[in-house]
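Hi,

Here is the model I promised to pass on.

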Amino acid sequence: MQQLVAKPSLLIFVVVYVLVMVLVGAYYTKKSKTSDEFVKAGGGLGSIVLMGTFLATFTGNGTISGGGNSLAYTYGLWPGIFFAVPSLAGVVVLFLLAKKIRQLDTYTVAGIIEHKYGKLARTLSGAIIALSMISICAYQYKGLAFVLNVTTGMDVGIATILSAILIIWLATSGGLKSVAVTDAVSAGIMLLGIILATPHVISAAGGWDAAVASNLAQNPASMTWNGEQTLAGFAAGYLPLFFLSLGDQNLYQRIGAGKESKTVNKGFIGWFVGLVIVVPLVAVIAFCAKAIFGSNITAAMAFMSTTTVIPTFTGGLLLAASAAFIITTGDSYLLSGATNITYDIYVDRIKPNATDDQKFKFTRWTIVITGVLAYIILQFFPSVLAIQYWSYTIYGAGITPAVIAALCWKKVTKTGGIASMAIGTLVTILYEAFGQPWGIATVLLAVPVATIVLVVVSLLTQKENQKA
């Protein structure tokens, strides 16, 4: 097995990519002059930009350091490829809900929740969503640090700080206008880099047959459909992403930012096709990394490690794609979490008469503060996969059942929705804090409990709907 050796020549590709992102951000700093332009891009995103921003937002460091990458490296090829299933299922459900989401026309998912459950629910959900968004941003810092480590050998701790500074700056520059355009550029780099690099990675592993043989020698179950994971293991790995995608505020904001419904529908089609390409190829690359490096790397490094063993141009493009995955997701989720704090707490509760300029400036400062908070949160999790699952689960249990019910179930009540959000979040935090004492994944406990509470409490409080 090979040792991972830093390849500084690859850094130039990352530097060029980052410079392009910085220039675009600087350009849109002058273009975004109102809070609406900053948070919703003025509702003017076209289909091509939507395709790119959907794909880039949804496929971040969790895709190439956690998710299908880690599953393919740890358990085998098919568990990694199957990670596309919850992603694609989420796209289909959101496509069916897009019309309702656009009709509600809010800045945040908490605004949608307020329509059904009232102001208290908005405040509670805004805080839950912000916590989840900030946590998701946190592990993007670590992912970009891995990119710098692969290219320069830089200490991951120092690289994480530099990554945080870059992502915070990009998020504060031009808001969603800037983020969406850089997403579209980045999505193109992702697709091109992965498609071109995959054959070279397979070749570096000695060819496909050699890659399979090496993986089988290390893990005899690596070519089985489940990699000897249990059904509970599969559910624990895949359900958090599915539940996150159903209620993901970033995606709702982009649905609302499209010029018209036809434009948004085209964006969905491009997003779906992009996922069909990206997620399986990430799994293939991680699977080959296991054949090349064996246990000399960690699961989180599998995808990025292959950039050092393929031709420099292709490796540089793939590493730039890695940076694109990470940066676009980081600034998107950071912007989104700051939007919750601005509109669901500051404007809704503290200063309802805030001027547009005050909202604009408050959002920017909040991005900086929450960006630092994301770095602090990162220090408490042992791995990218751990914080990924935690952040997905707190959103999936605390928000998704309530927001889907608000959009689809007429019998849901205000008390049922608030109880579901509170219990789903509380169960997630407490069960994680006590180290999963019953030995089952948090998502398998928190989401069912939140859903049962939603249904039971709503049915017991139907008089609320009669009064309304």
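This is a predicted model: local features need pLDDT of at least 70, side-chain atom pairs count only at pLDDT 80 or more; totals for chains, interfaces and linings use all residues.

Three helices, α1 (11-31), α9 and α10 (156-204), each put at least two residues into the lining of the second largest pocket; helices here are DSSP runs (H or I, at least four residues), numbered from the N terminus. A pocket is an open set of points on a 1 Å grid over the protein atoms alone, with protein on both sides within 12 Å along at least five of seven lines, and lining residues have an atom within 4 Å of a point. The biggest contributor to this pocket is α1, with six residues. The lining consists of Leu11, Val14, Val15, Val18, Leu19, Val22, Leu144, Leu148, Leu162, Ser163 and Leu166. That makes 10 nonpolar, one polar and no charged (Ala, Val, Leu, Ile, Met, Phe, Trp, Tyr, Cys and Pro count as nonpolar, Asp, Glu, Lys and Arg as charged, the others, Gly among them, as polar). The pocket's volume is about 150 Å³, meaning the space filled by probe spheres set on the grid points, which are joined across faces, edges and corners.

Residues are numbered from 1 along each chain as its sequence is written, and side-chain values use heavy atoms, with hydrogens and water left out.

Now the cavities, where a 1.4 Å probe fits but cannot get out. There are three of 30 Å³ or more. The largest has a volume of about 140 Å³, and of its 19 lining residues, Phe58, Gly60, Thr63, Leu241 and Tyr392 are the closest to its centre. Its lining splits into nine nonpolar, 10 polar and no charged. The second largest cavity comes to about 80 Å³, and α13 (249-257) gives the largest share of its lining, four residues.

Last, helix α9 (residues 119-152) packs on helix α17 (residues 356-378) at about 70°, axes 8 Å apart. Axes are lines fitted to C-alpha atoms over the stretch in contact, and angles run from 0 to 180 degrees between N-to-C directions. The two are therefore roughly perpendicular (65 to 115 degrees). Contact, meaning heavy atoms within 4.5 Å, involves residues including Leu131, Ile134 and Tyr141 of α9 and Leu373, Tyr375 and Ile377 of α17.

Cheers

Terms used
Angles under 35 degrees count as roughly parallel, over 145 as roughly antiparallel, 65 to 115 as roughly perpendicular and the rest as oblique.
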